[in-house]
Amino acid sequence: MRSKAPAPAPGRDWGSNAPVDPGASNSVLMRAISLVGTPYRYGGNTPQSGFDCSGLVNYVYDDMLRKKLPRSSSALAAYQGQKIQPRQLTAGDLVFFGSRGQVSHVGIYVGDGRFVHAPSSGGTVRLDHLDGAYWRDHYTGAKRVIE
């Protein structure tokens, strides 16, 4: 999945919400950002092997919080946890993307309408904006797994 227009749409306000557990959110945020540039690899789940989208999420949450999460993006979307409206997003929330009711991609929200994710074959873990053309059109929701 490649974003052709990563620039945000003007005027969108993502709000600024304090996380429930600032320490946990900050550790997830810092670890996720530290992995930017790691190569994408389908099925990958470590910095050494590369990451796919759900492998990145699993690695960060396990590494920083010892939290075991489901392995696929669709299973993560179905996982227990509070559903979040866009203006309620806080650092560490999971954001989901897909089409026709199917979730096919996940990332970690970092704040200011941005998220870290492992987007596609041949790419690297990167920071994108939720208002980028592709991501805005394929956003399906968010979940809070830090409580």
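# Exercises on a predicted model

Arg-71 counts as partly exposed, since its relative accessibility is 32%. Keep that residue in mind for Exercise A. One thing before you start: what you're looking at is a predicted model.

**Exercise A.** Find the salt-bridge partner of Arg-71, and work out which parts of the chain the pair ties together.

*Solution.* Start at the side chain of Arg-71: it makes a salt bridge with Asp-52, and the closest N and O atoms are 3.0 Å apart. Arg-71 sits in the loop between H2 and helix H3 (73-78), while Asp-52 sits in the loop between strand E2 (50-51) and H2, so the bridge ties together parts 19 residues apart in sequence. Now check the cover: buried means under 20% relative accessible area. Asp-52 has 8%, so it is buried.

**Exercise B.** Asp-63 and Arg-31 also meet in a salt bridge; say which elements they join.

*Solution.* Begin with the distance, which is 2.8 Å from N to O. Then look up the elements: Asp-63 belongs to helix H2 and Arg-31 to helix H1, so parts 32 residues apart in sequence are tied together. Asp-63 has 27% relative accessibility, so it counts as partly exposed.

**Exercise C.** Are Asp-93 and Arg-144 buried or exposed, and where do they sit?

*Solution.* These two form another salt bridge, with the closest N and O atoms 2.9 Å apart. Asp-93 is in the loop between E3 and strand E4 (94-99), and Arg-144 is in strand E8 (residues 139-144), 51 residues away. In total, the structure has six salt bridges.

**Exercise D.** List the buried residues of H1 and name some elements that cover them.

*Solution.* Walk along H1 and pick out Ala-24, Ser-25, Ser-27, Val-28, Leu-29 and Ala-32, which are buried. Then see what lies over them: the cover includes helix H2 (53-65), strand E5 (102-111) and strand E6 (114-117).

**Exercise E.** Trace the open sheet and find its edges.

*Solution.* Follow the six strands in the order E3-E8-E4-E5-E6-E7, with antiparallel pairing. Now zoom in on E6. Towards E5 there are three bridges, and Ile-108 stands opposite Val-116. Towards E7 there are four bridges; here Val-116 faces Leu-127 and Phe-115 faces Asp-128. Finish at the hairpin of E5 and E6: two residues lie between the strands, and Asp-112 has a positive phi near 55 degrees.

Key. Residues numbered from 1 in each chain as written. Predicted model: local features only at pLDDT ≥ 70, side-chain atom pairs only at ≥ 80, totals over all residues. Heavy atoms only, no water. Buried < 20%, exposed > 50% of the residue type's maximum accessible area, 1.4 Å probe, protein only. Contact = heavy atoms within 4.5 Å. Pairing = 2+ DSSP bridges. Salt bridge = Lys/Arg side-chain N within 4 Å of Asp/Glu carboxyl O.
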